[in-house]
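Morning, everyone. Please take a look at the structure on the screen, and then I'll walk you through some of its contacts.

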Amino acid sequence: MSLLIRSGRVIDPANNVDAVQDVLIEHGKISRLGRHLEAPADVEVVDAKGKIVCPGFIDMHVHLREPGQEYKETVATGTRAAAAGGFTAVCCMANTSPVNDNGAVTDYILAKAKVEGLVRVYPIGAVTRNLRGEELAELAELAESGCVAFSDDGRCVMNAELYRRAMEYTLPFGAPIISHAEDSALSAGASINEGVVSTELGLPGQPAAAEDVMVARDILLAELTGAHVHIAHASTAGTVRLVRDAKARGIRVTAEVTPHHLVLTEDAVRSWDANTKMAPPLRTKRDVEALIEGLVDGTIDCIATDHAPHALSEKEGEFDRAAFGIVGLETAVAVVLDRLVRSGHLPLATLIARWSRDPARLLNLPGGTLSAGAPADVTVLDLDAETTVEPARFHSRSRNTPFGGWQLRGGPWMTVVGGTIARVAPR
Amino acid sequence: MGWTRKDLLSMRELDAGEITLLVDTAASLQEIASRDIKKVPALRGKTVVNLFYESSTRTRTSFEIAGKWLSADVINFSASGSSTTKGESFIDTAKNIAAMSPDVVVVRHSSAGAADLLARELPCSIVNAGDGAHEHPTQALLDLLTIREKKGHFDGLHVAIVGDIAHSRVARSDIHGMRKLGMTVTVAGPPTLIPPFVQELGAKVSYRLEDAIGDVDVIMMLRLQQERMTAGLIPSLREYARFWGLTLDKLARHARPDVLIMHPGPVNRGIELAPEVADGPYSVILDQVSRGVAVRMGVLLLLAGHKGGDGA
């Protein structure tokens, strides 16, 4: 089965390509790029005139909730949401039930993904057993089973000695440690950012320093051990500054930022909508500006959604008792295209690089490029598509988004995984 | 100017005209307390539910008396002894109560935003009787009524609010209400009990009691919760009482002779307030409590009236 994507504007940052070209896909691989390619027999032709053809987008931070919390999301529903949102691959965090802290759980997730997954699924293993922060998980077995990184995401490993040992132990595996940087004492009891909004609403807040303190610690531990540390969901100007300085000093640290931390501030919490509650919390305008600057200049390596599905019952009650986190897979690309690219804050090619080439490189994943021979994972964007975010139509099992009702211009148009169009029936 | 809101959720959302209307309405109802027969038919046939998820003496009793003097049917709900102990969620309980068609639900809850949540979800009027550390608008209104009675006006008055500002819903409602009526507000306490950016709410900040009470017309002392100590916010009650407790001696040396001492209660006697101050000539603490009934009558009347009640 072959596929010919005709006449789209191909942007492939890994190869410095930005030109109107055809993309020929054969046997699940990128076969050739060029003008007016001859269609082989038996080929499905897609007219992508006026569209943007890029390497498949990789979301390196999602929660698929399977095993154990299938009422929130499953591999099947989460990967459908990913495909609908323009992603060809997702990395799923370890805070399932049971926790992905041993090879059997990794095997289960990968088996599910093989049968029910619509996009590629790369599991991330836990750093510590049961995410308790007390003893190391079986890290070598996790790596052998296919985990592409290690993280206790959702919790911060507060014991610096244990974290140091995790960094050392995993050095031979070539897979980064991903830090949920949040000092749990500084953030204890907090629902939102500490600032003028927490004062006004009387909600307990956590200071930006709760993140910065841990980012600083993890950078120092990366320097000590030589490990690659990746900072998940950067939310503060302090994190951007610390990571920028560390990179300049040659320390192996990388970082990601979520769409919601790029376009929303703590002001959104004034709505009392529990879908504005996540960890780390929405911060200030100053932080948002620093995050955008960091994303543009490469201090921040990639955009990741931190897709965190929760059932309505976990979000509809009292704000301080609501679960942390929001879904993101089906809104991320459109939100960033509309609010950052269309507004001129982020060059289109940078967005594409931060969502394909860069996560692929930092996790050593196949893909992230349209080079001949690469896996045929392709995301096609339509910059003129006008949509209104309708949570009721999400493919995700959950609806917890702060973007409901937003009118957005630009979005995913087609998702190709391994040469096959990932078709998701509209809801 | 008339009342148009369905709910009373915060002082922040009100403008000066609305606040004045609430205070005036309360003032006009005050004389009912001195009648031999304390009952007017204004809310006959109306139902008021007190939905209290947090313990309360003053506020709950005050709303109950207010409702009864206006001839409303008042039902008290408290979280203990209800389906809440069987695991029913707040929002479910509230929806079930709303299904019984009350006209007004008065809610007290430990979570900030709880009243706003009910206002969004329920068709009846909601009165916020205290939500976490967010707001407690009827307390601010009774503070304002008391101040106006004692001082005759609002404009240009200076109020010091002293103590645990960070965890106080009363402080937030007072700051908004007082600022909107042209008063100056200074908040004072150890820095660990002053919330960040409180200046952006329009308050000045002082870290020394003696400075804060020097040039003010009203001193509002706040209750210090014992758990602030275990949370590491203050070293000891002894030290707090020594530096932040208001005594006759400190008053005599630093405050104006005509200063009013207020407190939303319950008072920790001997901690934030010396008993001689709480019971002394400057204190209007019990006046606040009696004004509380008038304020809650006014609020119930305006809200039930908004829904087509027959008025006073």
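Does H6(A) pass H7(A) in a left-handed or a right-handed crossing? The crossing is right-handed. Keep in mind that this is a predicted model.

Let's stay with that pair. H6 of chain A covers residues 209–225, and H7 of chain A covers residues 237–248. Their axes come within 9 Å. They cross at roughly 15°. Angles under 35 degrees count as roughly parallel, so H6(A) is roughly parallel to H7(A).

Who touches whom? On the H6(A) side we have Glu211(A), Asp212(A), Val215(A), Ala216(A) and Ile219(A). Facing them in H7(A) are Gly238(A), Thr239(A), Leu242(A), Val243(A) and Ala246(A). By class, that contact has six nonpolar, two polar and two charged residues.

Now, H7(A) has another partner. Helix H9 of chain A, residues 285–297, has an axis that comes within 8 Å of the axis of H7(A). The crossing angle here is roughly 30°. That again is under the 35-degree limit, so H7(A) is roughly parallel to H9(A).

Which residues make this contact? From H7(A), they are Ala237(A), Val240(A) and Arg244(A). From H9(A), they are Arg286(A), Asp287(A), Ala290(A), Leu291(A) and Gly294(A).

Next, the two chains. How many residues of chain B are in contact with chain A? The number is 20, and they meet 15 residues of chain A. H4(B) gives the largest share, three residues. Sorted by class, the chain B side has eleven nonpolar, five polar and four charged residues.

Last stop, inside chain B. This chain is divided into two domains. Domain 1 is 16–135 plus 291–306, and domain 2 is 137–288. Their centres, taken over C-alpha atoms, are separated by 26 Å. The contact takes 22 residues from domain 1 of chain B and 19 residues from domain 2 of chain B.

What does the domain 1 side of chain B draw on? The elements giving two or more residues are helix H1 (16–29), strand E4 (125–131) and helix H12 (285–306) of chain B. That side divides into twelve nonpolar, five polar and five charged residues.

That's the tour. Over to you.

Notes. Residues are numbered from 1 along each chain as its sequence is written. Chains are lettered from A and ligands numbered from 1 in the order in which they are written. This is a predicted model: local features need pLDDT of at least 70, side-chain atom pairs count only at pLDDT 80 or more; totals for chains, interfaces and linings use all residues. Axes are lines fitted to C-alpha atoms, for helices over the stretch in contact, and angles run from 0 to 180 degrees between N-to-C directions. Helices (H or I, at least four residues) and strands (E, at least two) are DSSP runs, numbered from the N terminus. Angles under 35 degrees count as roughly parallel, over 145 as roughly antiparallel, 65 to 115 as roughly perpendicular and the rest as oblique. A crossing is left-handed if the near helix is turned anticlockwise from the far one by less than a right angle, and right-handed if clockwise. Two residues are in contact if their C-beta atoms, placed from the backbone, lie within 7 Å. Ala, Val, Leu, Ile, Met, Phe, Trp, Tyr, Cys and Pro count as nonpolar, Asp, Glu, Lys and Arg as charged, and the others, Gly among them, as polar. Domain bounds come from an automatic or database domain assignment.
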